[in-house]
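This report is a guided reading for someone meeting the structure for the first time.

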Amino acid sequence: MELDGKTSSIVYSEDETPIEEPGGKGARRSRVSGIDRALQVIDHLYETGSPTGVYAIAKAVKAPLSTVYVIVDDLVEKNMLTRNGDGTIWLGSRLYHYGLAYARSLDFMSVATHEMHDLCRQAGETVQVCGRDGDYMLVLAMADGPSHFQVASRVGTRVPLNWTASGRLLVGHLPEEERIELFKRCAKSSPTGRAEMDPGVLSTSAGAAFQSRLSIQAGESDYAVACIASPICDRDGQCVATISIVLPEQKAFSDENHYTAHVRTSAERIEKVMGWRNH
């Protein structure tokens, strides 16, 4: 661009508005690119786990409200986000389709999902495959059991690591000091008030559960709900995911050995198919 015979480049102000700068040698990038802002919006919705208003999103990602409005409108138009009747914003169907395509490309998820459905038929209960997402346990896949027992945690649910049997297994391979520091940071009180909060106790139970390849939790995250989980370990011996049976608390302890044998066998079978059993 020419300005009084001199070359001008485009720079951006704090609110990302383009500004002409005389004498520049080339265009400078914005402080935060459009794609980065879009990812900030999507990440915020993912992390909060619920529909949110545009003003709250802008405040959370520390971006100008006008900028976020433009980005959200564009993402809604492209089905990356959806706008609810009350004006709140949530993740769109296009992201779901991307997630499905990504999941299909992963050998591990294909193997784990197949085993999950087999275990569901054998145990006659709901089965989940879970992974770690930072300070949270994330439900990666789920097969509903034939009974009418309803499980609150569906695919995509994130809960603190100290609430669940799977959460403890997912960090059980870590050094003790690292486990303690992690639980100091992320341990939270559960809705039932029964989840363990002491970092030392959590670290010890996580290590013991990992060594025995079995973790059982009852009533800590949801009332009258139990979870029996076993770790899925990679070739380095690190727990990359878990497979678990989710069932009514009273049933978990009426025939505990039946369920524990099934879930351990399923975890071992996934490791064997993946070529990880030599860890």
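## Helix packing and cores

In this predicted model, helix H2 passes helix H3 in a right-handed crossing. Two packed helices are described by the angle between their axes and the distance between the axes. For H2, which covers residues 54-61, and H3, which covers residues 65-77, that angle is about 120° and the axes lie 9 Å apart. On the H2 side the contact is made by Val 54, Tyr 55, Ile 57, Ala 58 and Val 61, while H3 contributes Leu 65, Val 68, Tyr 69 and Val 72. Sorted by class, the contact of H2 with H3 has nine nonpolar residues, with no polar and no charged ones.

In soluble globular proteins, nonpolar side chains tend to be buried together. Here the largest nonpolar core has 27 residues, and those with the most contacts inside it are Phe 108, Ile 232, Ile 243 and Ile 245. Helices H5 (107-123) and H10 (256-274), together with strands S6 (126-133), S7 (136-143), S10 (225-233) and S11 (239-248), each supply at least two residues of this core. The greatest share comes from H5, which gives eight residues. Leaving aside residues up to four places away in sequence, Ile 245 touches Leu 119, Ala 123, Glu 125, Thr 126, Val 127, Ala 226, Cys 227, Ile 228, Tyr 259 and Val 263.

A second, separate core has 19 residues, including Trp 163, Phe 183, Ala 206 and Phe 210. Phe 183 belongs to helix H7, residues 176-186. With residues up to four places away in sequence again left out, Phe 183 touches Leu 161, Asn 162, Val 171, Pro 199, Leu 202, Ser 203 and Ala 206. From Phe 183 to Pro 160 the separation is 23 residues in sequence and 9.5 Å in space, C-alpha to C-alpha.

| Residue | Relative accessible area | Class |
|---|---|---|
| Cys 120 | 9% | buried |
| Cys 186 | 0% | buried |
| Phe 183 | 1% | buried |

Why does Cys 120 count as buried? Its relative accessibility is 9%, and buried means under 20% relative accessible area. By the same cut-off of 20%, Phe 183 is buried because its relative accessible area is 1%, and Cys 186 is buried because its value is 0%.

A disulfide is a covalent bond between the sulfur atoms of two cysteines. A search of the whole structure finds zero disulfides.

Definitions and conventions:
Residues numbered from 1 in each chain as written. Predicted model: local features only at pLDDT ≥ 70, side-chain atom pairs only at ≥ 80, totals over all residues. Heavy atoms only, no water. Disulfide = S-S within 2.5 Å. Buried < 20%, exposed > 50% of the residue type's maximum accessible area, 1.4 Å probe, protein only. Core = buried A, V, L, I, M, F, W, Y, C linked by side-chain atoms within 4.5 Å. Helix = DSSP H or I, 4+ residues; strand = E, 2+ residues; numbered from the N terminus. Contact = heavy atoms within 4.5 Å. Axes fitted to C-alpha atoms, helices over the stretch in contact; angles between N-to-C directions. Left-handed = near helix turned anticlockwise from the far one by under 90°. Nonpolar A, V, L, I, M, F, W, Y, C, P; charged D, E, K, R; others polar.
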